[in-house]
Amino acid sequence: MRLTARRPFRHPPALRHLLPASLMLLPAVVLLGAFTHLPAVQTVISALYTTPKANRPARFIGLDHYRFLLDDPVFLKAAWNNLIFAAATVPATILISLGMAMLVSSKIRGRGLARLAFFTPTVLPMIAIGNIWLFFYTPGYGLLDQITGLFGFGATNWLGSQETALGAIIVVAIWKEAGFFMIFYLAALTQIPPQLIEAATLEGAGPWARFRRVIWPLVAPTTLFVLVNAIINACRMVDHVIVMTRGGPDNATTLLLLYVYETGFRFWDTGYAAAISVVLLVILALAGIGQFILLDRKVHYR
């Protein structure tokens with residue numbers, strides 16, 4: 001009887017790489033679950049209970065917090081303000097950041113200085129930016145009133161008037177974020193083969209035709225990325241609002257995240273604040289999913 005040696009069992013290549021890949025992903029998965037998914041689940045659960053007090057435990061109330069939201073004038077005002085804020089800042093930020101990227105990517109004198117000037121607001125702390133713009137908006141002797149005074153206009157209380165306060169906050173947000181998104185557009189523009197631009201020029205395409213037919217389609221993936229992040233930033237804006245207006249006057253600049261902060265930490269109604277947070281999370285999720293469904297098919301990935 002002839003004995004044959006048994007071949008050693010070998011795992012498939014995919015299984016051999018699965019364990020090292022899983023171990024490398026494990027720290028990121030743990031951190032993501034501990035600081036993102038677990039708090040989100042806890043927030044959803046907290047929204048179903050009343051806020052626990054010293055002598056009163058939390059009580060299950062179901063969807064009552066969400067029913068209260070529909071009759072809460074401050075929440076409705078904050079949601080409307082956030083809608084206006086996003087509708088104004090998102091397209092303006094995309095257009096300005098793309099324009100700045102095209103400017104500093106062209107062959108102009110002082111290109112490095114222009115890049116530094118455009119990007120500087122991004123690295124400044126938001127608290128410092130808020131205080132700088134408080135001086136700009138100061139009635140009477142602020143920089144903005146000094147400029148408008150040259151044309152015969154009087155002093156304007158930019159942050160103290162319901163008609164101008166939200167617009168003033170929008171300007172600060174655009175000024176802060178445009179330089180940050182310019183970096184992504186600048187990276188996308190440097191990846192466009194110059195032969196495409198040259199070929200379009202030889203075919204007689206003007207600047208607008210080259211932008212519409214060549215540049216814009218090729219930076220579409222970056223635009224989708226910027227769009228998603230700009231909407232997220234518009235819904236999580238809170239710091240410079242606290243510094244500049246604290247939501248006033250008469251809730252004219254109150255945004256959803258500021259209302260969450262005040263409800264949870266100023267009035268200590270954590271259950272109601274959790275319900276507002278869930279609504280904000282749902283809005284962001286629907287906005288992100290809708291953008292990818294509607295725009296991802298139109299985006300050209302090279």
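The tour goes from the annotated spans to the nonpolar cores and then to the pockets.

This is a predicted model, in which local features need pLDDT of at least 70 and side-chain atom pairs count only at pLDDT 80 or more, while totals for chains, interfaces and linings use all residues. Residues are numbered from 1 along each chain as its sequence is written, and side-chain values use heavy atoms, with hydrogens and water left out.

**Stop 1: the annotated spans**

Select residues 79-291, which an unreviewed UniProt entry annotates as "domain: ABC transmembrane type-1"; such annotations may be inferred rather than shown by experiment. This span is 75% helix and 0% strand, and its end C-alpha atoms lie 20 Å apart. Helices here are DSSP runs (H or I, at least four residues), numbered from the N terminus, and strands are E runs of at least two.

The unreviewed entry also marks "transmembrane region" stretches, including 83-104 and 272-295. Color residues 83-104: they are 100% helix, with end C-alpha atoms 32 Å apart. Residues 272-295 are 100% helix too, with their ends 34 Å apart.

**Stop 2: the nonpolar cores**

Show side chains for Tyr185 and Val219, which touch the most other members of the largest nonpolar core, a set of 25 residues. A nonpolar core joins buried Ala, Val, Leu, Ile, Met, Phe, Trp, Tyr and Cys residues through side-chain atoms within 4.5 Å, where buried means under 20% relative accessible area with a 1.4 Å probe, protein chains only. H3, H7, H9 and H10 each give two or more residues to this core, and H7 gives the most, with 7.

Which residues does Val219 touch, not counting residues up to four places away in sequence? Look for Tyr185, Ala188, Leu189 and Ile192; contact means heavy atoms within 4.5 Å. Apart from this core lies another, of 21 residues, including Trp133 and Leu258.

**Stop 3: the pockets**

A pocket is an open set of points on a 1 Å grid over the protein atoms alone, where a 1.4 Å probe fits, with protein on both sides within 12 Å along at least five of seven lines; lining residues have an atom within 4 Å of a point.

Select Ser105, Ser106, Leu189, Ile197 and Ile215, which lie nearest the centre of the largest pocket, among its 14 lining residues. H9 gives the most to this lining, with 4 residues.

Finally, select Thr36, Ala40, Ser277, Leu281 and Leu284, nearest the centre of the second largest pocket. Helix H1 (13-46), helix H10 (220-235) and helix H13 (270-295) each give two or more residues to its lining, and H1 has the largest share, 6 residues.

Note on methods
Buried means under 20% relative accessible area, exposed over 50%, partly exposed in between (1.4 Å probe, protein chains only).
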